[in-house]
Structures are given as C-alpha cells and as structure tokens.
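These are my notebook entries on a structure that I looked up. The entries follow the order in which I went through it.

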Number of protein chains: 2
Amino acid sequence: VIKSPYKDTSDAPKQGKLKDTIATIIIDKAYAAGMKGLEELSHIIVFYWANQSSRKTLITSPPWSDQTYGVFALRSPHRPNPINMCVCEIVSIDDNKIQVKHLDAIDGSAVLDIKVYSTDLDCYPEAITRNDNNIMK
Amino acid sequence: VIKSPYKDTSDAPKQGKLKDTIATIIIDKAYAAGMKGLEELSHIIVFYWANQSSRKTLITSPPWSDQTYGVFALRSPHRPNPINMCVCEIVSIDDNKIQVKHLDAIDGSAVLDIKVYSTDLDCYPEAITRNDNNIMK
C-alpha cells in the first residue's frame with residue numbers, strides 16, 4: 001500500500017515527476033523477501049492501481065492540449081485497466097518500507113508491482129511524439 | 001491479445017530488446033477508440049499478463065548473476081503480480097492492429113494496457129544499480 005501526502009486526486013500533480021514529494025510504499029510482510037537487493041538501486045518503477053480512475057474513458061483531452069487523444073496514446077490515469085506507473089527515486093529503505101520521490105499515487109493506493117529501472121531497457125532518448133505531447137506542462 | 005512468433009517461454013528472449021522480432025498487438029474493437037493518436041508516436045509501453053509465471057517466487061537468481069535478488073529488484077517475469085512491461089518501437093498501425101519490435105511476450109498473452117513512452121517521464125540515464133545488474137547479458 002502507498003502512504004502519500006496526496007489525499008485525493010485533486011491534490012496529486014499531473015505527473016509525479018513535477019513534485020519532490022516523498023511517499024512511502026509499505027510492502028506486506030508476506031512479500032517483503034522480494035525486496036532483497038533494492039538497496040543497491042537508485043530508481044524503481046512502481047505500479048499501482050488507480051482506483052478512482054474512470055475505466056470507461058477511451059478518448060480524452062490531456063492538460064497540454066485542446067485536442068483529444070486515445071488513452072493508449074496518453075498517460076491519463078483514466079483507461080480500461082488503470083495500472084499507473086511512475087519511475088521513482090529511492091530515498092530510503094527501512095525494513096518493509098520504501099521512501100520514494102515522484103510517485104503521484106493518492107494515499108491508500110494499492111501497489112501492484114515494483115521493478116528495477118534499467119537504463120538499458122527503459123531509457124530511449126530518441127523516442128519521439130509527433131503531436132504536441134508536452135507531458136511536463 | 002498479442003500474436004507473437006514466440007510460442008512458449010523457452011522461445012522468448014531474456015529481454016525483448018535483445019531481438020528485433022515483430023509481434024502484433026490486436027486491440028479488441030470495443031477499446032480501439034483508445035488508439036487515437038498512436039500513429040504520432042515512435043515508442044509505446046506495453047503491459048501484458050505473463051500467465052506462465054510463478055506467482056510464488058520472491059527471490060531468484062537472474063541470468064546475469066549467481067547471486068539471488070528479490071523479484072522487486074529484478075525484471076524477472078516471476079513475481080506476485082506478473083504484469084510485464086516492454087518499451088516497444090511501433091513498426092506499423094493498421095486498424096486495430098499494432099506491429100511492434102522488442103516485445104518479449106509469448107503468443108496469446110493478454111494485453112493489460114498501453115501508454116505513450118515519454119522521454120521526460122521515463123528516461124533516466126543517471127539511474128544506477130550498485131549490483132552487477134547487467135540485464136542485457
């Protein structure tokens with residue numbers, strides 16, 4: 001589960017990266033063995049269930065455009081399966097708790113998975129969007 | 001659903017990025033509206049359910065090491081919620097079909113979600129692993 005200072009969706013930033021807020025991921029003791037080696041990493045990818053999202057939304061207008069796009073071409077929390085992901089910086093690890101920066105989840109969100117962030121697998125500086133997709137706006 | 005030349009897990013590469021194999025993602029017509037704007041993107045993040053994974057595995061030894069790590073510090077398909085992700089290059093889009101490179105899913109895997117890849121959000125060349133995590137080995 002995620003403990004976050006964002007109490008509802010209106011508190012949360014459009015993208016976690018826009019804020020340096022610290023959230024705490026609490027891993028159920030039954031799964032804490034899966035954390036072995038996390039202390040050797042700087043960044044993880046956190047997957048959580050965005051349970052306040054609309055699962056019926058297929059097309060929407062993002063904050064950075066007046067045009068509409070399909071949710072599969074966006075990072076909107078609204079999508080048929082609202083599995084949200086954030087690349088997060090690890091701040092500290094204490095027992096079954098991980099403090100991270102850049103997580104946009106609201107307080108109480110369920111964590112689905114955590115994976116190591118790999119520059120080899122995940123960093124594509126050449127990736128392009130031919131729309132005006134300025135996600136950081 | 002994913003149509004892939006990888007028919008079982010022994011066919012699939014350790015990481016999709018290691019091969020230039022082309023797979024086809026077929027979006028159910030009921031969700032195809034969500035594809036609007038995909039044609040303007042070069043890379044997407046594909047999430048699929050790795051239904052042949054072991055959901056009981058919490059610690060494992062990756063291909064690149066003799067040591068064991070927790071699954072949350074790895075990219076192993078084995079994990080409590082086997083939501084696998086690959087950053088994929090779009091090759092072509094035709095109606096409700098998306099051809100992509102670098103997807104490591106086996107044939108018939110269920111697609112959970114697709115998101116735009118954003119260099120702003122997803123590219124962290126400074127990310128480090130202090131173990132010998134050489135995922136491309």
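**Entry 1. The disulfide**

A disulfide is a covalent bond between the sulfur atoms of two cysteines. The link of Cys123(A) and Cys123(B) is right-handed, with 70 degrees about the S-S bond. The pair crosses between chains: Cys123(A) sits in the segment after α1 (119-122) of chain A, and Cys123(B) in the segment after α1 (119-122) of chain B. Helices (H or I, at least four residues) and strands (E, at least two) are DSSP runs numbered from the N terminus.

I noted that the model is a predicted one, in which local features need pLDDT of at least 70 and side-chain atom pairs count only at pLDDT 80 or more, while totals for chains, interfaces and linings use all residues. Residues are numbered from 1 along each chain as its sequence is written, chains are lettered from A and ligands numbered from 1 in the order in which they are written, and side-chain values use heavy atoms, with hydrogens and water left out.

I then checked Cys86(A), which is in no disulfide; the nearest cysteine sulfur, that of Cys88(A), is 5.2 Å away. Cys86(A) is buried, with a relative accessible area of 6%. In chain B, the sulfur of Cys88(B) is 5.2 Å from the closest cysteine sulfur, in Cys86(B), and this is too far for a bond. Cys88(B) is buried, with a relative accessible area of 0%.

**Entry 2. How the two chains are related**

**Entry 3. The interface**

How many residues of chain B are in contact with chain A? I recorded 59 residues of chain B in contact with 59 residues of chain A, where contact means heavy atoms within 4.5 Å. The copies meet through the same surface, because 100% of the interface residues of chain B are also interface residues in chain A.

The area buried between chain B and chain A is about 5500 Å², of which carbon and sulfur atoms give 60%. Phe72(B), Leu121(B) and Tyr124(B) supply 13% of the area that chain B buries against chain A, more than any other three residues. Buried area is the accessible area (1.4 Å probe) that two parts lose on being put together, summed over both.

**Entry 4. The sheet of chain B**

I traced an open sheet of six strands in chain B, with the order β1-β2-β7-β6-β3-β8 and antiparallel pairing. Strands count as paired if DSSP finds at least two bridges between them. The edge strands β1 (2-3) and β8 (110-116) of chain B each pair on one side only.

Strand β3 (residues 43-49) of chain B pairs with β8(B) over six bridges in the antiparallel sense, and seven bridges join β3(B) to the antiparallel β6 (residues 83-94) of chain B. Ile44(B) stands opposite Val116(B) in β8(B) and opposite Cys88(B) in β6(B). Five bridges join β6(B) to β7 (residues 97-101) of chain B, also antiparallel, and Ile93(B) stands opposite Ile98(B) in β7(B).

**Entry 5. Positive phi**

Most residues other than glycine have a negative phi. I noted a positive phi near 55 degrees at Asp95(B), in the hairpin of β6(B) and β7(B), which has two residues between the strands. In chain A, Asp95(A) has a positive phi of about 55 degrees and is exposed at 53% relative accessibility. His102(A) has a positive phi of about 80 degrees; it lies in the loop between β7 and β8 (110-116) of chain A and is buried at 11% relative accessibility.

Key
Disulfide = S-S within 2.5 Å. Buried < 20%, exposed > 50% of the residue type's maximum accessible area, 1.4 Å probe, protein only.
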